[in-house]
Amino acid sequence: MNNNKNSKLEKWRKDYAALAVAIGCLYSLIVSWGDNLFMSVLLSLGVIICGTIGFFDLKRILKRAL
């Protein structure tokens, strides 16, 4: 029973999931800064990688809208 119509949540998740993860990593990084060096480095990488993916997703969305 696969339906070709995507729900609004699925469309949002496809477009903005990387940004949501980057914001979550950034929040966790700010809250736990200096407590654990390994977690700080790991969360910093998460912010950089997911933020970059989210940025290019936004560029794609804006290009598609115009």
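At roughly what angle do the axes of helix 1 and helix 2 cross, and within what distance do they come? That is where I would like to begin, with the reminder that what we are looking at is a predicted model.

Two packed helices are described by the angle between their axes and the distance between the axes. Here the axes of helix 1, which covers residues 8-31, and helix 2, which covers residues 37-65, come within 7 Å and cross at roughly 150 degrees. Since angles over 145 degrees count as roughly antiparallel, helix 1 is therefore roughly antiparallel to helix 2. The handedness of the crossing between helix 1 and helix 2 is left-handed, and if we sort the contact of the two helices by residue class, we find 15 nonpolar, six polar and five charged residues.

Is Asp57 buried or exposed? With a relative accessibility of 16%, Asp57 counts as buried, because the cut-off for that class is under 20%. Once its neighbours within four places in sequence are left aside, Asp57 is in contact with Asp15 and Ala18.

Let me turn now to the aromatic rings, where the count comes to two pairs. In one of these pairs, the ring centres of Trp12 and Tyr16 are 6.0 Å apart and the ring planes are at 40 degrees, so the pair is classed as tilted. Both Trp12 and Tyr16 lie in helix 1, and they are four residues apart, which is about one turn of the helix.

Finally, a few words more on Trp12 in helix 1. Which residues does Trp12 contact, leaving aside its neighbours within four places in sequence? They are Ala17 and Ala20. As for Ile49, Trp12 is 37 residues apart from it in sequence, and the C-alpha to C-alpha separation of the two is 20 Å in space.

Key: Residues numbered from 1 in each chain as written. Predicted model: local features only at pLDDT ≥ 70, side-chain atom pairs only at ≥ 80, totals over all residues. Heavy atoms only, no water. Axes fitted to C-alpha atoms, helices over the stretch in contact; angles between N-to-C directions. Helix = DSSP H or I, 4+ residues; strand = E, 2+ residues; numbered from the N terminus. Parallel < 35°, antiparallel > 145°, perpendicular 65-115°, else oblique. Left-handed = near helix turned anticlockwise from the far one by under 90°. Nonpolar A, V, L, I, M, F, W, Y, C, P; charged D, E, K, R; others polar. Phe/Tyr/Trp six-rings, centres within 6.5 Å; stacked < 30°, edge-to-face > 60°. Buried < 20%, exposed > 50% of the residue type's maximum accessible area, 1.4 Å probe, protein only. Contact = heavy atoms within 4.5 Å.
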